[in-house]
Amino acid sequence: MGEAVEILVHSNGFSSNIENGSLDDDHEAEITAINTNKIDTKDQSFCGWFEEDIDDHLKWSFALNSTLHIGASEYQEIALLDTKHFGKVLVIDGKMQSAEIDEFVYHECLVHPSLLYHPNPITVFIMGGGEGSAAREVLKHKSIEKVVMCDIDQEVVDFCRKYLTANWKAFSDEKLDLVIDDAKAELERREEKFDVIIGDLADPVEGGPCYQLYTKPFYENVIKTKLKRNGIFVTQAGPAGVLTHKEVFSSIYNTLRHVFKYLTVYTAHIPSFADTWGWVMASDEPFSLDASQIESRIKERINGELLYLTGPSFLSSTIMNKSVNQSLLNETHVYTEENARFIYGHGKAYLA
């Protein structure tokens, strides 16, 4: 399990009263109390913060309206926070996963490029994606007949089905096959192959449940063997900013470069992540659409309007700045379980 979300208190002596005043013994042990004063975090009058360690001597803080839920599953810590700036945010193992105000940027970038480049996507396998947003975006494509969403953590899925109202429709769609299992085991078990496989996994955090799914053996022996002809694999690949792209982004790119013939990397700024984020798309068929062709496919294939992605904007997102481009060209690290790289830090929530 990754680092737990810590509940900290300031010298005013206030401590948190989470989920109607009840915390299990593990969470009780994570609270540093100055005195026994209690406040209800559902009371909008309190002043609270969520704080994420981004790097040594660097933190990212959010003012909170309330803490809606905090808990722990067998695999990871889970929290839903109502922030003043970003709305409701999902936090897993102390790391921001998505915020309701800008999650559409991440999920449109994750899902639509691969489905638009594929000549006729019918079946999709989503690794992770327990919050349901990736499935929501896949199901906008008219050609889709089946979406398998495989998340290892039942509690995360149940939690998101309950609290993330924007995805209720996706969770109830008859095309969605929801599986609770390890994605590697599920892919190996299935005889079928897929047009597109999407890696909507949590960041590779040391001790976390899914860093093994960023490795060369997994890409080579599982992912590639489960793609149909013309199949495309896409994965989120972590921070891709000037100062952060060497954490895992360049390594994931280089690892996939050893497995597939053609790769496309692209990035977008995610305000709630406080960074530029990266994705890698891979196939044994070239990616050869121009901006007008992408625009045409968006209009022809997708129900409703996209909020972020356009043909020209996507192609512009594939152009890296000089610093990142040089790092991608020069990267030699290949991701394995024995030689993994990890995202830095974890998060803390506290009351001011």
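**Cores and pockets: a quick tour**

Okay, let's start in the middle: the largest nonpolar core has 51 residues, and those with the most contacts inside it are Tyr 117, Val 124, Ile 126, Val 138, Ile 198, Trp 279 and Met 281. By nonpolar core I mean a set of buried Ala, Val, Leu, Ile, Met, Phe, Trp, Tyr and Cys residues joined through side-chain atoms within 4.5 Å; buried is under 20% relative accessible area, exposed is over 50%, and partly exposed is in between, with a 1.4 Å probe and protein chains only. Helix α2, residues 103–117, gives this core its largest share, eight residues. Helices (H or I, at least four residues) and strands (E, at least two) are DSSP runs numbered from the N terminus.

There's also a second, separate core of 38 residues, and Val 148, Ala 183, Phe 260 and Ala 282 are among them.

Before I go on, the housekeeping. This is a predicted model, where local features need pLDDT of at least 70 and side-chain atom pairs count only at pLDDT 80 or more, while totals for chains, interfaces and linings use all residues. Residues are numbered from 1 along each chain as its sequence is written, and side-chain values use heavy atoms, with hydrogens and water left out.

Back to Met 281. Leaving aside neighbours within four places in sequence, Met 281 is in contact (heavy atoms within 4.5 Å) with residues including Pro 113, Tyr 117, Phe 233, Tyr 262, Phe 287 and Phe 314.

Now Thr 123, in strand β9, residues 123–128. Buried or exposed? Thr 123 counts as buried because its relative accessible area is 11%.

On to pockets. A pocket here is an open set of points on a 1 Å grid over the protein atoms alone, where a 1.4 Å probe fits, with protein on both sides within 12 Å along at least five of seven lines; lining residues have an atom within 4 Å of a point. The largest pocket is lined by 15 residues, with Glu 100, Glu 103, Leu 164, Thr 165 and Ala 166 nearest its centre. Strand β7 supplies the largest share of that lining, three residues.

And the second largest pocket? Its lining is Ile 54, Asp 55, Leu 58, Leu 243, Thr 244, Glu 247, Ala 274 and Asp 275.

Last stop, Gln 154 in helix α4, residues 154–163. Gln 154 is partly exposed, at 36% relative accessible area.
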